[in-house]
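Here is a short report on one chain.

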Amino acid sequence: MAQAARALWPVGHALAWRLGGRLPSGLPARSRAGFAGAAGGPGPAATARKGSPRLLGAAALALGGVLGLYHTARWHLRAQDLRAQRSAAQLSLSSRLQLTLYQYKTCPFCSKVRAFLDFHALPYQVVEVNPVRRAEIKFSSYRKVPILLAQEGESLQQLNDSSVIISALKTYLVSGQPLEDIVTYYPPMKAVNDQGKEVTEFCNKYWLMLDEKEAQRMYGGKEARTEEMKWRQWVDDWLVHLISPNVYRTPAEALASFDYIVREGKFGAVEGAVAKYLGAAAMYLISKRLKSRHHLQDDVREDLYEAANKWVAAVGKDRPFMGGQKPNLADLAVYGVLRVMEGLEAFDDLMCHTRIKPWYLRMEKAIAEAPQ
């Protein structure tokens with residue numbers, strides 16, 4: 001409102017100047033000459049007329065101020081209406097979707113998706129997948145989680161890969177395009193990774209498919225969009241690979257981690273007991289291979305600390321989130337990945353030995369306060 005008032009103030013001021021300043025100088029010479037009395041001095045009429053420009057100027061100035069306040073209030077109410085309309089439109093779009101998330105609760109990629117859904121107040125059902133049998137996703141040729149099924153009217157779409165799910169849904173919420181069209185913007189491609197294994201990659205997965213006006217409304221500029229994409233990719237390429245080596249760093253930590261996984265996951269009684277001890281031993285050994293593959297330091301905590309502090313430095317001191325006053329998709333991705341360590345020694349160390357805790361607490365609050 002203050003900006004609008006400043007913008008409207010010159011209009012009111014100019015109006016006052018025109019009414020109060022130009023009228024006196026525009027009077028005919030004959031009228032100005034007639035202001036003097038017959039005795040050679042200003043009479044009562046002349047004195048009254050001499051004060052008229054001041055009165056006109058004061059009245060016009062008041063009129064300009066009233067007009068300025070009126071237009072400012074009108075602009076403010078219109079802005080509120082537009083925000084309400086956008087919120088209502090987004091709510092209408094989200095209510096058209098029926099979402100089912102197939103996940104492992106302790107998977108960082110699944111946690112990323114949940115953070116996005118929770119922050120955007122998108123209702124969804126969760127199907128916890130048994131990590132041994134994976135019978136819950138036997139309908140899918142894509143055998144990883146997360147998988148999101150999205151029902152929009154008669155159209156049922158399967159979205160794979162956490163970053164694709166997030167980009168597609170955000171595009172849907174901002175643009176209102178049909179989800180079945182949006183999914184085609186993220187085609188899967190087969191590729192061979194460094195270990196010679198065939199993997200599925202998705203094109204454009206960090207891009208939101210928006211037109212110029214929609215992108216401007218969401219980001220305000222190209223720099224913010226580029227920054228968000230850069231850090232979302234950093235989460236997938238680097239941060240997420242620090243989780244397993246840290247939560248399975250020692251035999252004791254590995255056992256504590258698998259105890260948490262068994263409690264939160266979908267295991268039978270026998271499966272749970274086997275997974276807890278054999279899984280912990282296996283993941284302790286695998287974490288050593290992961291450390292070598294990703295060229296981590298001897299103490300993998302140091303890599304985790306460096307990553308957290310790097311993120312905090314990128315956010316900076318002048319904004320609460322990378323997205324400014326509210327989290328963007330990069331904020332949600334970092335938070336979602338780190339959240340899976342809560343309750344474990346690695347998480348406590350992270351909060352204690354880095355500068356990330358204030359940002360993390362702000363993220364918790366932002367998601368908790370999301371409209372339901």
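## Strand pairing around E3

This is a predicted model. Tyr 102 stands opposite Ile 147 of strand E3. Strands E1 (residues 97-103) and E3 run antiparallel and are joined by six bridges. E3 also pairs with strand E4 (residues 155-160), again antiparallel and through six bridges. Here Ala 150 has Gln 157 in E4 as its bridge partner.

The hairpin of E3 and E4 has two residues between its strands, and Gly 153 in this hairpin has a positive phi near 65°. E3 itself covers residues 147-152 and is mostly covered, with five of its six residues buried.

## The chain overall

The chain has 372 residues, and 42% of them count as buried. Its secondary structure comes to 15 helices and six strands. Among contacts with a separation of 6 or more, 64% join residues 24 or more positions apart.

## Helix H4

Helix H4 spans residues 108-119. Its twelve residues should span 16 Å at 1.5 Å a residue, and the end C-alpha atoms are 16 Å apart, so expectation and model agree. Ten of the twelve residues are buried, so the rest of the structure largely encloses H4.

## The nonpolar core

Nonpolar side chains tend to be buried together in soluble globular proteins. In this model, the largest nonpolar core has 84 residues. Phe 116, Leu 239, Trp 311, Met 341, Leu 350, Ile 356 and Trp 359 have the most contacts inside it.

Beyond its neighbours within four places in sequence, Phe 116 contacts Leu 122, Ile 166, Leu 169, Lys 170, Leu 173, Leu 329 and Leu 332.

## Salt bridges

The structure holds twelve salt bridges. One of them joins Arg 96 and Glu 152, with 4.0 Å between the closest N and O atoms. This pair links distant parts of the chain: Arg 96 lies in the loop between helix H3 (44-95) and E1, Glu 152 lies in E3, and they are 56 residues apart. Arg 96 is partly exposed at 44% relative accessible area. Glu 152 is buried at 15%.

Arg 263 and Asp 259 form another salt bridge, with the closest N and O atoms 3.2 Å apart. Both sit in helix H10 (residues 251-264), four residues apart, so about one helical turn separates them. Arg 263 is exposed at 55% relative accessibility, whereas Asp 259 is partly exposed at 25%.

## A charged network

Asp 349 pairs with Arg 301 in a salt bridge, at 3.0 Å between the closest N and O atoms. The two are 48 residues apart and link distant parts of the chain, Asp 349 in helix H14 (residues 345-353) and Arg 301 in helix H12 (residues 300-315). Are these residues buried or exposed? Asp 349 is buried at 18% relative accessibility. Arg 301 is buried too, at 1%. Salt bridges with shared partners join Arg 249, Glu 253, Asp 299, Arg 301, Glu 345 and Asp 349 into one network.

Notes:
Residues numbered from 1 in each chain as written. Predicted model: local features only at pLDDT ≥ 70, side-chain atom pairs only at ≥ 80, totals over all residues. Heavy atoms only, no water. Core = buried A, V, L, I, M, F, W, Y, C linked by side-chain atoms within 4.5 Å. Buried < 20%, exposed > 50% of the residue type's maximum accessible area, 1.4 Å probe, protein only. Contact = heavy atoms within 4.5 Å. Pairing = 2+ DSSP bridges. Expected span 1.5 Å × (residues − 1). Salt bridge = Lys/Arg side-chain N within 4 Å of Asp/Glu carboxyl O.
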